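Let's walk through this structure together, one piece at a time. Have the sequence and the 3D view open as you read.

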2 protein chains.
Amino acid sequence: MPHQEFPPISDVVTQATIDAYAELSGDYNPLHVDEVAAAASEFGGTIAHGPIAFQALFRSLTAGLGTTALPPGTTVRVTYRAPVRPGDTVTATVAGRPEEPGDGLAAACVDQRGTTVLSGHVTLPDRG
Amino acid sequence: MPHQEFPPISDVVTQATIDAYAELSGDYNPLHVDEVAAAASEFGGTIAHGPIAFQALFRSLTAGLGTTALPPGTTVRVTYRAPVRPGDTVTATVAGRPEEPGDGLAAACVDQRGTTVLSGHVTLPDRG
């Protein structure tokens, strides 16, 4: 029976989060930062940059491992499932027992409606 | 012979980048933001949050695809190889032809010394 020793971590994503990420990354695409242009797009409004949904997952991982940096050799596989919009709360969960070398851990980020926005899988390095 | 149609993207990572990411993510671990504490650690100085190295890769992907959001179903697998420090230049490259459904694209982020800090693999969704 899998343990759950990684804390779930939630992030509230706002337009301010997205604007800050645009400044950090240099990615000012209108779909992220121009509410008028984005409203006219197929998305009907701004959406978050893809890596924003990844942040809560990363923090759940490092909190569960009790580290800051992920150990070299850690592999994170993420699949983008759905866009994240301003006002969404993204909650990351990682299922599994931390620090078991070679372990595969299932991970997911889910929004407040229960929609999976990102699914993932984490493999910790073999320390043997 | 593999095409190279994704532009390589470089990011210069500074302590200001790391501080901005700390504010954005809420991850103020001393190893990232406290230069004195970090100097006394095994790393000998501050290191970037893991997702920072991921940004250039994400931008290379979206630039090559001509999109903002990665298409739903896109899978990105990244393995952390080495820490990124203030002053490092991280260059992301993605090898392959964009928009071939089901394609696997090799990706890497390399610092200015040629050290691979992040290796990756990208699979685009099958649109068939």
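Which residues does A:Ala69 touch, not counting residues up to four places away in sequence? This is a predicted model, and in it A:Ala69 touches B:Phe43 and B:Ile47. You will find A:Ala69 in the loop between α4 (50–65) and β2 (75–80) of chain A. With a relative accessible area of 22%, A:Ala69 is partly exposed; the cut-off for buried is under 20%.

Ten strands form an open sheet, with antiparallel pairing, in the order β1(A)-β3(A)-β4(A)-β5(A)-β2(A)-β2(B)-β5(B)-β4(B)-β3(B)-β1(B). At the edges stand β1 (9–12) of chain A and β1 (9–12) of chain B; each has a single partner strand, so one side of each is left without a neighbour in the sheet. On average, neighbouring strands here are turned by 15° against each other, direction ignored.

For a look at one pairing, take chain B: strand β3 (residues 89–95) runs antiparallel to strand β4 (residues 104–110), and five bridges join them. Within this part of the sheet, B:Val94 stands opposite B:Ala107 in β4(B).

Finally, the cysteines. Over all chains, the structure holds zero disulfides. The sulfur of A:Cys109 has its closest cysteine sulfur in B:Cys109, 20 Å away, which is too far for a bond, because a disulfide needs the sulfur atoms within 2.5 Å. A:Cys109 is buried, with a relative accessible area of 0%, and B:Cys109 is buried with a value of 0%.

Technical notes. Residues numbered from 1 in each chain as written. Chains lettered and ligands numbered in written order. Predicted model: local features only at pLDDT ≥ 70, side-chain atom pairs only at ≥ 80, totals over all residues. Heavy atoms only, no water. Pairing = 2+ DSSP bridges. Helix = DSSP H or I, 4+ residues; strand = E, 2+ residues; numbered from the N terminus. Axes fitted to C-alpha atoms, helices over the stretch in contact; angles between N-to-C directions. Buried < 20%, exposed > 50% of the residue type's maximum accessible area, 1.4 Å probe, protein only. Contact = heavy atoms within 4.5 Å.
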